[in-house]
Amino acid sequence: MLKKILIVLAILIASVFAAGKWFFSLLPDASHYEGVKTAEVKDIPYLNQARPENRGKILAVVTSVDQMGTSGKSTGYELTELARAYWVFKVNGFEVDIASPLGGDAPKVLDGDDMGVFDYAFLNDGSVQQQLENTLRIEDINPLDYQAVYFVGGKGTMFDFPGHKAIKSLVRDLYEAGRIIAAVCHGPAALLNVQLSDGRWLIADKKVSSFTNSEELFLIPEAREIFPFLLESKLIEQGANFIGGTDYLELVVRDGQIISGQNPWSVWTLAEATVEALGYEPVARVRTAEEHAVDLLAVYEQQGYQAAIDRLSEPAKNYERVLVLMHGVLAFMKFELIKGWDMLMLTQKIKSAQQ
């Protein structure tokens, strides 16, 4: 009996070891990331094409808060959410100013798992660094100097955006002047507590999206204790017609002058929607491997596994397999075992196609 138990235990240990080895084999090797951290503007064709004549200015606003309340957890603005929109605005002929509630060097969050060449090119650009280290103070800004404002996400926004008087005035003045208000992920916290001149809440009866309660509570189970509110709930409380999509997949909602995105994977589309709202056709751009992965995951959610497999057979598309793999991990953490396995199989097929 003891011998049989030891044999079974050995088989289980070997199986777990083999499964773990296979899982980690799905991750890209170091060569996948070569050149990413040293990327510069000159390396990226999209950033080097001829640009339209100056079409005015867009203001990007980031948080000044570096900790989540009294939790001791660090935070700031999400650099990827600033960088990608910044490049879209610049390529499409707009100057971009960067502001924050306190001004100066605002705290930023660098998520290494999500950073790509556009993000590192942003970090490695000297003129951009000057702007990041010397953000304008909101109180010093004339709102009507700008065609649009873009509120960058980051969990710090939950603490300084909603109660900031100058932000409220900025949003109201721009909205009542017919300008565009854009915000992504936690950035829509800036839309809270904004009253128009007639006393109505800005977002009353408006279609709005943001980081959802589901996304928030999955990543931070104690979010109700850490944050002053849950963003989705607060937007609804102030009369918004909240639109939420699949967790951690792209969703952009436009209602007149207000454009909002659900999460970081919505930034590219939201930035280009802002350009369209300002009356221009966005300059053509090759979609990133991350965007193709998001598209693939959306096909899976809407049409199932076989449709996703069929999508993989389309030529000339590169997929960020780490993102697909992470959705598999999320599925297993939620005990969605079939979905988790499907994600692993999709990741394996992407890997095989890339070899």
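These notebook entries record what I looked up on helix packing and nonpolar cores in a predicted model.

**Entry 1: helix 13 and helix 14.** I began with helix 13 (residues 321-333) and helix 14 (residues 337-354), whose axes lie 7 Å apart at an angle of about 165 degrees. Angles over 145 degrees count as roughly antiparallel, and helix 13 is therefore roughly antiparallel to helix 14. I noted that the crossing of helix 13 with helix 14 is left-handed. I then listed the residues in contact: helix 13 contributes Arg321, Val324, Leu325, His327, Gly328, Ala331 and Phe332. Among the residues they meet in helix 14 are Leu337, Trp341, Leu344, Thr347, Ile350 and Gln354. By class, I recorded ten nonpolar, five polar and three charged residues in this contact.

**Entry 2: helix 11 and helix 13.** I next examined helix 11 (residues 289-303), which packs against helix 13 at about 40 degrees, with 8 Å between the axes. The two helices are therefore oblique to each other. On the side of helix 11, I found Glu290, Ala293, Val294, Leu296 and Leu297; on that of helix 13, Leu323, Val324 and His327. This contact has six nonpolar residues, one polar and one charged.

**Entry 3: nonpolar cores.** I looked up the largest nonpolar core and found 67 residues, with Leu82, Phe89, Phe122 and Tyr150 having the most contacts inside it. Helix 2 (residues 79-91) supplies the largest share of this core, nine residues. For Tyr150, I set aside neighbours within four places in sequence; the remaining contacts include Leu59, Val61, Glu81, Phe89, Val184, Val267 and Leu270. I also recorded another core, lying apart from the largest one, with 39 residues, among them Ile203, Ile226, Leu235 and Ala240.

Technical notes. Residues numbered from 1 in each chain as written. Predicted model: local features only at pLDDT ≥ 70, side-chain atom pairs only at ≥ 80, totals over all residues. Heavy atoms only, no water. Axes fitted to C-alpha atoms, helices over the stretch in contact; angles between N-to-C directions. Helix = DSSP H or I, 4+ residues; strand = E, 2+ residues; numbered from the N terminus. Parallel < 35°, antiparallel > 145°, perpendicular 65-115°, else oblique. Left-handed = near helix turned anticlockwise from the far one by under 90°. Contact = heavy atoms within 4.5 Å. Nonpolar A, V, L, I, M, F, W, Y, C, P; charged D, E, K, R; others polar. Core = buried A, V, L, I, M, F, W, Y, C linked by side-chain atoms within 4.5 Å. Buried < 20%, exposed > 50% of the residue type's maximum accessible area, 1.4 Å probe, protein only.
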